Amino acid sequence: MKNWDKILDDFARKCKGGAPDMTNPRHLALLRESLIKFGWNENAMNEFLGNLREGKEIVTENWWDDLSDAAQAAYIEKHGSAPNV
């Protein structure tokens, strides 16, 4: 999910005030637009959005790569090194 930061940035800009509400059906429709824009597979997108609607925790295959550079740096500062993922 290398485009995750771009997807979230695009999505947040579409939501008033830049604060998405995952319980708001309109916001989920805006998220769908962003996912389509960045080339998500329809089945993956439907599963992801369904999990959000049901309030399920979303776990990615490699959470480390999903973190921004700043978040990775903060993790390393707090834990002393990067995880073995």
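The side chains of Lys37 and Asp10 meet in a salt bridge, with 2.9 Å from N to O. Here, a salt bridge is a side-chain nitrogen of Lys or Arg within 4 Å of a carboxyl oxygen of Asp or Glu. Lys37 sits in helix 2 (residues 25-37) and Asp10 in helix 1, so this pair ties together parts that are 27 residues apart in sequence. Helices (H or I, at least four residues) and strands (E, at least two) are DSSP runs, numbered from the N terminus. All of this comes from a predicted model, in which local features need pLDDT of at least 70, side-chain atom pairs count only at pLDDT 80 or more, and totals for chains, interfaces and linings use all residues. Residues are numbered from 1 along each chain as its sequence is written, and side-chain values use heavy atoms, with hydrogens and water left out.

How covered up are the two partners? Asp10 is buried, at a relative accessible area of 6%, whereas Lys37 counts as exposed at 55%. For these labels, buried means under 20% relative accessible area, exposed means over 50%, and partly exposed is in between (1.4 Å probe, protein chains only).

Asp10 has another partner too: its side chain meets that of Lys14 in a salt bridge (3.3 Å, N to O). This time both residues belong to helix 1, and being 4 residues apart puts about one helical turn between them. Lys14 counts as partly exposed, at 32% relative accessibility.

Next comes Asp9, whose side chain pairs with that of Arg13 in a salt bridge at 2.5 Å, N to O. These two are also 4 residues apart in helix 1 (residues 4-14), so about one helical turn separates them. Asp9 is partly exposed, with a relative accessible area of 41%, while Arg13 is exposed at 58%. By the rule used here, the count of salt bridges comes to 4.

Zooming out, the protein has 5 helices and 0 strands, running α-α-α-α-α from the N terminus on. Of its 85 residues, 26% count as buried. Its accessible surface comes to about 6,100 Å², with 49% of that belonging to carbon and sulfur atoms; such areas come from the Shrake-Rupley method with a 1.4 Å probe, and for residues only the protein chains shown count as cover. As for contacts (heavy atoms within 4.5 Å), residues 24 or more positions apart account for 31% of those with a separation of 6 or more.
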